[in-house]
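Good morning, and thank you for coming. Please look at the sequence and the model on the screen while I speak.

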Amino acid sequence: MKEKLAQIREKALAQIKSTDSLDKLNEVRISFLGKKGELTEVLKGMKDVAPEDRPQVGQIVNDTRAAIEEVLENAKKEISSKMRELQMKAEVIDVTLPAKKNNVGHCHPNTLALKEVKKIFMGMGYEVVEGPEVEFDYYNFEALNIPANHPAKDEQDTFYINDKIVLRTQTSSVQVHEMEKGHLPIRMISPGRVFRSDEVDATHSPCFHQVEGLVIDENITFADLKGTLALFAKELFGPDTKVKFRPHHFPFTEPSAEMDVSCFKCGGIGCRFCKGEGWIEILGCGMVHPHVFEMSGIDNDKYTGFAFGIGLERIALLKYEIDDMRLLYENDIRFLKQF
Ligand code: DAH
């Protein structure tokens, strides 16, 4: 029996020594000290030991168990600390590594262009106002001197919600809202989205942006219009920019004009950028039509005013020398990153 116990002890210690995980260590413990373990089996054989030898054998059994337990405990501590060490090594943080780069976006070219337009007009004391994108036919057409049978109302270039409601085709509708408020004088710009049932190509989109302008006060003349818009053009495209007004027709202004700026690429000689013209059209404008004043309840004996409408995309395309409007809407990051 003593021999058997010595063997068990040897065997257990050897197994413990070659164990490298807590799970395996537990298995070893069960196989020797568990209910059906080898040492427990030996204990069951005590009844065959002569009674006078039992205390001594009992003592050896206890010593063996204690020895195995002690070695098990030490091994457990050792393995635990080794594992902890490995874990610490694996989780080590290298504080010298370069930080992950945070990709911060920036404003869209349209927004950049709008910011600039706003800055110029705010510098001249204009207020920036907003109007609805879903608009009554009345504000978009009627009140702007565009009666029911006017070709500009054609279903083909207007998105109708129903007979009376449309997606606004121009920001000029905001003029009417402002005039109806009746707080005079008015000096405002109104940027926003407009919608037309157009096919997408390099210069058209069913949704684009305009910046409307309206000034109403006593003694406002075409000279004020010219001075204001010439200053705007110089601020936007540089101090050498010249402007040219060509007669045009808009139903809500009389007289009306389109304004061209001298090509800021060639200075007006004619180049690829201005298609050899030397001039680039940037906006429509005119003196507010007396009938428009009348419909919105403004005394047209006392007040006069001018209005203008700028295509925002057109400004962005010119300023940033972009040759296809679609690029502004596709949101290709490789394109947008360049601004
Ligand atoms: N609303 C016009 C358009 O969409 C642009 C325009 C022209 C606006 C002349 C005006 C203006 O305020 O006076 O084509």
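Against which strands and helices do the buried residues of H7 pack? Before I answer, two remarks on the source. This is a predicted model, in which local features need pLDDT of at least 70 and side-chain atom pairs count only at pLDDT 80 or more, while totals for chains, interfaces and linings use all residues. Residues are numbered from 1 along each chain as its sequence is written, and side-chain values use heavy atoms, with hydrogens and water left out.

Now to the answer. The buried residues of H7 pack against strands S2 (134-136), S4 (186-195), S5 (207-217) and S9 (304-311), and against helices H6 (137-140) and H9 (290-295). Helices (H or I, at least four residues) and strands (E, at least two) are DSSP runs, numbered from the N terminus. Contact means heavy atoms within 4.5 Å. Helix H7 itself covers residues 173-181, and its buried residues are Ser 173, Val 174, Gln 175, Val 176, Glu 178 and Met 179. Buried means under 20% relative accessible area, exposed means over 50%, and partly exposed lies in between (1.4 Å probe, protein chains only). Just after H7, Gly 182 takes a positive phi of about 75°.

Gln 175 is found in H7, and it counts as buried because its relative accessibility is 0%. Leaving aside neighbours within four places in sequence, Gln 175 is in contact with Leu 144, Met 188, Glu 212, Gly 213, Leu 214, Phe 252 and Ala 307.

Gln 175 also leads us to the ligand. An N or O atom in the side chain of Gln 175 is 3.0 Å from an oxygen atom of the ligand. For Glu 212, a polar side-chain atom lies 2.5 Å from a ligand oxygen. In the side chain of Ser 172, an N or O atom is 2.9 Å from a nitrogen atom of the ligand. A polar contact is a pair of N or O atoms within 3.5 Å; within protein, one must be able to donate a hydrogen and the other to accept it, and residues adjacent in sequence count only if both atoms are side-chain atoms.

How much of the ligand does the protein bury? Taken alone, the ligand exposes 350 Å², and the protein buries 89% of that; these areas come from the Shrake-Rupley method with a 1.4 Å probe, and for residues only the protein chains shown count as cover. The elements that give two or more residues to the shell around the ligand are S5, strand S8 (279-288) and S9.

Next, helix H6, where Asn 140 lies. Asn 140 counts as buried because its relative accessibility is 0%. Its side chain reaches the backbone nitrogen of Thr 169 at 2.9 Å.

Two backbone features deserve a look. The peptide bond from Leu 184 to Pro 185 is cis, with omega near 0°, and Pro 185 sits in the loop between H7 and S4. A cis peptide bond also joins Glu 254 and Pro 255, with omega about -5°; Pro 255 is found in strand S7 (residues 253-262).

Finally, Asn 219 has a positive phi of about 60° although it is not a glycine. Asn 219 is found in the loop between S5 and helix H8 (222-237), and it counts as exposed because its relative accessibility is 66%.
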